[in-house]
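Student: I would like to take a close look at a single part of this structure. Could you walk me through it slowly, and then show me how it sits within the rest of the chain?

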Amino acid sequence: MANSSNNDIDEVKGMIESYGPAAAAKKLRAMLEEKKNTPLNIGITGESGSGKSTFVNAFIGKDNRDEGAAPTGCVETTMEVKPYPHPKFPNVKVWDLPGVGTTKFPAAQYLKHVGFERFDFFIIISADRFKENDVKLALEIQRMEKKFYFVRSKIDDNMRAAERSQRDFTAEKTLAEIRNNCIEGLKGQEIRSPQVFLVSSFDLKLYDFNLLNETLQRELPAHKGDVLLLAMANSNLPVIKKKKAVLQSEISNVAWLSALAGAVPVLSLAVDPKLLVDTANKYKVTFGLDSRSLQSLAHCAGVPLDDLRSVLKSRLALEELSPDLIIEMLKWSIPQKVGMELLRYVPIIGTIIAAKQSFDSTEKALNDFLDMLAQDAERVFKRALNR
C-alpha cells in the first residue's frame, strides 16, 4: 500500500468487510510493531586491550563516562558476554564479548561460549596487526557462514605518533601504510576478501567509520539494514536522506492505521492523535533532534547547544510533541473531518470513504512532518560542522 489509489481503497474495503475496522487496524498495527521490534545483534570481539568497549560505546552513541556505558580501561574489563542496547533503538544491541586471548576456549568453543547463533555479524577489533587468535576466530566465523569485519582501532594514537616521528608525514600516506600492513597480515590465511576499516572511536567523522556503517547496511538483509540505518548517527548528509527514504516507505501503513482507527465510531476523531504523535516523535529521534541527541552533538562538535537550536525551523523540532500540537498542525484538514464524522456512521461503504479521506489527509500530513524534520536535521548537521 505504497500509494493511495483505487487498489488501496479496494484492499482496505476488503479488510474492513472481512475483519471490521478494529480488526483491520489491529492487523496493520501488528505489522508496524513487528518491523519496529526487528532485532539486530552485533558481536564486538578481539584481543584484550584492543578497544572493544570504547568502540561499543561509540557505536551506540554513548560517552565512556555515561551511565550505562561499557566499562573501559587500560586492562581487560570485559570478562563476560554483555549486551548494550542502543539508547534510542533498544532492538539494536551491541554485545561486548570477552577478549579472545583472555579465554581458555579455542575459537570454535569461544563462539559457542558467547552464543554465536544470536549475532547478525561480528566485528573483530585490534589496536595493532591482527593476531593469530583474531585469524582463528575469523576462520571459524567464516566456516559457520556469518559475516565478520576487521576494525583497526586507536588510529588517533598512530597518527599522532607518526606525525611526531616522520619527517615527510602525510595523513594519506600513513593511513595507506596502516591499512596495507593489516591486509598483508591477513593474506594467506584462507580468509575470503578480508575487509579492514580504520576507525577512531572518539571522532566518528574521521577515517573509515562512515564506510564501515555503509558496508554493514549494504551487506545486511534489507530489513536489518534499515534497522541499522535508523539507529546510526547523522554522520553525513546522505545518511539523513537514506533515513528519510526508509521512514517515507512506512507512511502509507501508518496513515491507513490512523484512518481505520478514526473510522471506528467509538472514537471522536477521524485520525489517531497518539499514533501521529508517536510517529512524529520517531522521526524526531531518528534524525537526532531530540534534546538528548542535540546536547550530545553540541558536546562532540564543540558547538553551543543554542547555536544548534537556532537553526531549527519546524514546531515539531522546537516544541514538545503532544496530541494538541499535532491536531493544530492538521487544521487544514478540518473541512474533510466534518464529512468524515457523518460518513463513519454509514455501514461499510461510508466507513471506507471516511477511511480513504482520513488516509489522504494523514498521508499528506506525515509527509509534511517528515520533510520539515529532515530539513531541520540537515541544517543542524551543517551547523555542527560550521558550514
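Tutor: Asn41 stands opposite Lys93 in strand 3, and Ile42 has its own counterpart in that strand, Val94. The model we are reading is a predicted one, and these two pairs belong to the place where strand 1 (residues 40–46) and strand 3 (residues 92–96) run parallel, joined by five bridges. As a general rule, the strands of a sheet pair through backbone hydrogen bonds, and the pairing may be parallel or antiparallel.

The link between strand 2 and strand 3 is a hairpin, which passes through six residues. Four of the five residues of strand 3 are buried, and therefore strand 3 is largely enclosed by the rest of the structure.

If we now step back to the sheet, we find that it is open and has six strands in the order 2-3-1-4-5-6, with mixed pairing. Its edges are formed by strand 2 (82–85) and strand 6 (196–198), each of which pairs on one side only. From one strand to the next, the twist averages 30 degrees. Helix 3 (residues 52–59) lies across strand 1, strand 2, strand 3, strand 4 (121–126) and strand 5 (147–152), and it runs at about 155 degrees to strand 1.

Next, consider a residue in a helix. Gln142 is found in helix 5 (residues 132–143), and it counts as buried because its relative accessible area is 11%, where the cut-off for buried is under 20%. The side chain of Gln142 reaches two backbone atoms: the oxygen of Glu190 at 2.9 Å, and the nitrogen of Arg192, also at 2.9 Å. When its neighbours within four places in sequence are left aside, Gln142 is in contact with Phe148, Glu190, Ile191 and Arg192.

Val285, which lies in helix 12 (residues 273–286), is likewise buried, with a relative accessible area of 16%. Not counting residues up to four places away in sequence, Val285 touches Lys88, Phe89 and Asp290. Val285 and Leu373 are 88 residues apart in sequence, yet their C-alpha atoms are 9.9 Å apart in space.

Helix 13 (residues 291–301) shows how a helix can have two sides, for Ser293, Leu294 and Ala298 are buried in it. These three cover an arc of only 135 degrees around the axis, which means that they are on the same side of helix 13. The face turned away from that buried side carries the exposed residues His299 and Cys300. Just after helix 13 comes Gly302, which takes a positive phi of about 70 degrees.

Of its 387 residues, 49% count as buried. Among contacts between residues at least 6 apart in sequence, 69% join residues at least 24 apart. The protein chain exposes about 18800 Å², and carbon and sulfur atoms supply 53% of that area.

Methods: Residues are numbered from 1 along each chain as its sequence is written. This is a predicted model: local features need pLDDT of at least 70, side-chain atom pairs count only at pLDDT 80 or more; totals for chains, interfaces and linings use all residues. Side-chain values use heavy atoms; hydrogens and water are left out. Buried means under 20% relative accessible area, exposed over 50%, partly exposed in between (1.4 Å probe, protein chains only). A polar contact is a pair of N or O atoms within 3.5 Å; within protein, one must be able to donate a hydrogen and the other to accept it, and residues adjacent in sequence count only if both atoms are side-chain atoms. Contact means heavy atoms within 4.5 Å. Two strands pair if DSSP finds at least two bridges between them. Axes are lines fitted to C-alpha atoms, for helices over the stretch in contact, and angles run from 0 to 180 degrees between N-to-C directions. Accessible areas come from the Shrake-Rupley method with a 1.4 Å probe; for residues, only the protein chains shown count as cover. The arc is that of the directions from the helix axis to the C-beta atoms.
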